[in-house]
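Please read the numbered points with the model open.

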Amino acid sequence: MNDILNNLKKIKLNKKTAGLVIGFVCAVVLLLVSEISAFSESEDISYTDTNAYSAQYIENTEKELERVLGKIEGAGDVRVMITLQSCYENIYAKSYENEKKQTENSTNENSKEEYVIVKNGSTNEECLVIKVYEPEIKGVAVVCQGADNLKVKTAITETVCALFDISSAKVSVAKSG
């Protein structure tokens with residue numbers, strides 16, 4: 001800050017002009033910093049929410065799958081890791097309003113699309129969700145004691161494929177050490 005003042009004195013600006021220039025520079029810097037922090041905070045919130053839902057989904061699904069696969073005869077101790085192709089996706093209700101515009105030679109119809117908003121309590125408003133797509137599973141890795149037995153490995157692979165509607169190419173079964 002002192003360097004800026006010294007440079008301004010060298011240019012021989014009077015105190016009023018120097019104050020205006022410094023004030024302007026400070027205002028621009030504050031504006032940029034506030035915009036950057038506001039943008040990164042809003043991005044972090046949605047990213048964090050999506051990650052939290054996905055992480056919870058993975059954790060619950062892995063625990064349940066470990067429990068089910070552990071019941072397969074000969075599987076032994078089972079550990080599972082699941083990766084996702086996509087996260088939760090909400091489909092919202094939309095209303096369409098047609099607008100007619102009359103011109104000299106023709107009538108044009110434009111459709112205006114808006115989300116349907118519902119009141120939740122006295123002050124909260126939310127978009128109306130009509131469908132929720134669960135995360136799509138990309139792959140499943142299973143590590144268990146009985147994976148060296150072909151019957152056990154096949155039973156685990158078929159169970160995972162049936163539960164998640166994925167191909168056997170997306171399932172890996174390995175013996176634990």
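1. A place to begin is Thr159, which sits in helix α3. The model is a predicted one, and the remarks below should be read with that in mind. Thr159 is partly exposed, its relative accessible area being 23%. The side chain of Thr159 reaches the backbone oxygen of Ala155 at 2.7 Å.

2. Which residues does Thr159 touch, once neighbours within four places in sequence are left aside? They are Val68, Leu69 and Ile72. Val68 is 91 residues away from Thr159 along the chain, yet the C-alpha atoms of the two are separated by 9.0 Å.

3. For the chain as a whole, the secondary structure consists of 3 helices and 9 strands. In sequence order the pattern reads α-α-β-β-β-β-β-β-β-β-α-β. Among contacts between residues at least 6 apart in sequence, 59% join residues at least 24 apart.

4. The chain has 177 residues, and 19% of them count as buried.

5. Helix α3 covers residues 150–164, and its length can be checked against its residue count. At 1.5 Å a residue, its 15 residues should span 21 Å, and the end C-alpha atoms are 21 Å apart, which agrees.

6. How are the two sides of α3 divided between buried and exposed residues? Val152, Ile156, Thr157, Val160, Cys161 and Phe164 are the buried residues of the helix. Seen down the helix axis, the buried residues fall within an arc of 160 degrees, so they line one face of α3.

7. Thr157 belongs to the buried set of α3. Its relative accessible area is 16%, and Thr157 counts as buried because that value is under the 20% cut-off. A polar atom of the Thr157 side chain lies 2.9 Å from the backbone oxygen of Lys153. Apart from neighbours within four places in sequence, Thr157 is in contact with Ser168, Val171 and Val173.

8. The largest nonpolar core has 22 residues. Within this core, the residues with the most contacts are Leu69, Val140, Val142, Ile156 and Val160. At least two core residues come from each of α2, β1, β8 (137–144), α3 and β9 (171–175). Helix α3 gives the most, with 5 residues. As a general matter, nonpolar side chains tend to be buried together in soluble globular proteins.

9. Not counting residues up to four places away in sequence, Val160 touches Leu65, Leu69, Val140, Val142, Ile166 and Val171.

10. Thr61 lies in helix α2 and is buried, with a relative accessible area of 13%. The Thr61 side chain reaches the backbone oxygen of Tyr57 at 2.7 Å. Setting aside neighbours within four places in sequence, Thr61 is in contact with Ile82 and Phe164; Phe164 is one of the buried residues of α3.

11. The two ends of α3 deserve a look. At the start of the helix, a side-chain oxygen of Asn149 comes within 2.9 Å of the backbone nitrogen of Lys151. Just after the helix, Asp165 takes a positive phi of about 55 degrees, although Asp165 is not a glycine. Asp165 is in the loop between α3 and β9 and is exposed, with a relative accessible area of 72%.

12. Is Glu73 buried or exposed? Glu73 is exposed, with a relative accessible area of 75%. Gly146 is 73 residues from Glu73 along the chain, and their C-alpha atoms are separated by 8.8 Å.

How values were computed: Residues numbered from 1 in each chain as written. Predicted model: local features only at pLDDT ≥ 70, side-chain atom pairs only at ≥ 80, totals over all residues. Heavy atoms only, no water. Helix = DSSP H or I, 4+ residues; strand = E, 2+ residues; numbered from the N terminus. Buried < 20%, exposed > 50% of the residue type's maximum accessible area, 1.4 Å probe, protein only. Contact = heavy atoms within 4.5 Å. Expected span 1.5 Å × (residues − 1). Arc of directions from axis to C-beta. Polar contact = N/O pair within 3.5 Å; in protein donor to acceptor, adjacent residues only side chain to side chain. Core = buried A, V, L, I, M, F, W, Y, C linked by side-chain atoms within 4.5 Å.
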